Amino acid sequence: MKKFITLVVKILFTILVILVALDWTYTTVYLHSSNRGKVENVFNSKAKNYDVVILGSSRANNHFVPELFEKKGLKTFNYGMSGAHLFEASLMLKLMAERKYQIKTVILEADLGLCNEKESDMIAAKFLPYIHHSEVIKNHFLKLENFNELYYIPFYRYIDFDALIGFREMYNTATGKPTNILDHLGYHPLGHKPGNMKNDLTALKPIHNKYYEEIKQICKQNNYTLIAVMTPMCSNVKGMDYFEKANKIYPEIHNLENVVQGDQYFSSCGHMNDTGARMFTAVVIERFFQTK
């Protein structure tokens, strides 16, 4: 029996050593990369200067064209991420502030994301390689139900989110395989072939959102001007009073939902195509930056 227990202990110890080694290897790879995604691009960066930084979900990533800001002399990058919630937008801004980014204006897409305070597994996972190297990230994840597993069990986060930060992504990162995520100054243009042109917002209820409040506080503390906006949707949407309800909670958010009209400017009901995005960006520049 004693031999059996000793054998089990040795096996468990060996597994632990392997997990620690794998965790160190994966993390080291991510700590030395900045060219495959927006999270690592910010985390592994030093102080940058921007006139305009754009944050939000795909409705930021697909709707704001930095090229048009740059033509007006405004150094701009679109850090919107498809699938992101305000949880991730807040964390991105915290990391920028921690790295002493000089930002004049933050444009935040704050519309559908106001209805929840949940993390987006798809995007939140991108921060996990750095959780032991950043108090900001650690504290942001601290109240999640699975925080202890993510933080204290070696290699657990890479197994749990294998499809996002597991072997394939680690290997592609280690070999420097390029992506298009950082192309076009972070903007991802959509094509003109329409997809799903229906949407139903009736189940969504905007709330007094913790992470939106965090973003406002970060901007105030770092002297960033915050412009929060709601972006357009196609004509066939149920529950359009969602935007009015959001404005009742946060009247400072600019409701630009109707500034681009015509389904020919949409790739799907919630996302404009490149033509629509350029029209929308031109409106934003004219409305908020015409004197700059």
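Tutor: A patch is built from residues with over 30% relative accessible area and no salt bridge, like charges being joined within 9 Å and nonpolar side chains (Val, Leu, Ile, Met, Phe, Trp, Tyr) within 5 Å. The model is predicted, so local features need pLDDT of at least 70 and side-chain atom pairs pLDDT 80 or more, whereas totals for chains, interfaces and linings use all residues. Residues are numbered from 1 along each chain as its sequence is written, and side-chain values use heavy atoms, leaving out hydrogens and water.

Student: Which residues make the nonpolar surface patch, and what is its area?

Tutor: Met-1, Phe-4, Ile-5, Leu-7, Val-8, Val-9, Ile-11, Leu-12 and Ile-15 make a nonpolar surface patch of about 890 Å², areas being computed by the Shrake-Rupley method with a 1.4 Å probe and with only the protein chains shown as cover for residues.

Student: What makes a group of residues a nonpolar core, and which members of the largest one touch the most others?

Tutor: A nonpolar core is a set of buried Ala, Val, Leu, Ile, Met, Phe, Trp, Tyr and Cys residues joined through side-chain atoms within 4.5 Å. The largest such core has 89 residues, of which Leu-55, Tyr-79, Met-96, Ile-107, Phe-141 and Phe-289 touch the most other members. Helix H5 (residues 86-98) supplies the largest share of this core, 9 residues. In soluble globular proteins, nonpolar side chains tend to be buried together.

Student: What does Leu-55 touch?

Tutor: With contact taken as heavy atoms within 4.5 Å, and residues up to four places away in sequence not counted, the partners of Leu-55 include Tyr-79, Met-92, Leu-93, Met-96, Val-106 and Ile-107.

Student: How do you know whether Phe-69 is buried or exposed, and what does it touch?

Tutor: Phe-69, in helix H4 (residues 66-71), has 0% relative accessibility and therefore counts as buried. Leaving aside residues up to four places away in sequence, Phe-69 touches Val-52, Ile-54, Leu-74, Thr-76, Ile-107, Thr-281, Val-284, Ile-285 and Phe-289. Phe-69 and Ile-285 are 216 residues apart along the chain, yet their C-alpha atoms are separated by 7.0 Å.

Student: Why is the link between Cys-234 and Cys-269 called a disulfide?

Tutor: A disulfide is a pair of cysteine sulfur atoms within 2.5 Å, and the sulfurs of Cys-234 and Cys-269 are 2.0 Å apart, which meets the limit. Cys-234 lies in the loop between strand E5 (225-230) and strand E6 (237-238), and Cys-269 in the loop between strand E8 (266-268) and strand E9 (271-272), so the bond ties together parts that are 35 residues apart in sequence. Cys-234, at 3% relative accessibility, is buried, and Cys-269, at 2%, is buried as well.

Student: What makes this disulfide left-handed?

Tutor: The torsion about the S-S bond of Cys-234 and Cys-269 is about -70°, so the disulfide is left-handed.

Student: Why is the pair of Asp-111 and Arg-59 called a salt bridge?

Tutor: A salt bridge needs a side-chain nitrogen of Lys or Arg within 4 Å of a carboxyl oxygen of Asp or Glu, and here the closest N and O atoms are 3.1 Å apart. Asp-111 lies in the loop between strand E3 (102-109) and helix H6 (121-124) and Arg-59 in helix H3 (residues 58-61), so parts 52 residues apart in sequence are tied together. Asp-111, at 0% relative accessibility, counts as buried, and so does Arg-59 at 4%. The structure holds 12 salt bridges.

Student: How do Lys-71 and Arg-278 each pair with Glu-67?

Tutor: Lys-71 forms a salt bridge with Glu-67, the closest N and O atoms being 3.3 Å apart, and these two residues, 4 apart in helix H4, are separated by about one helical turn. Arg-278 also forms a salt bridge with Glu-67, at 3.0 Å between the closest N and O atoms. Arg-278 lies in helix H14 (residues 274-289) and Glu-67 in helix H4, so that pair ties together parts 211 residues apart in sequence. Through shared partners, salt bridges join Glu-67, Lys-71, Asp-274 and Arg-278 into one network.

Definitions and conventions:
Buried < 20%, exposed > 50% of the residue type's maximum accessible area, 1.4 Å probe, protein only.
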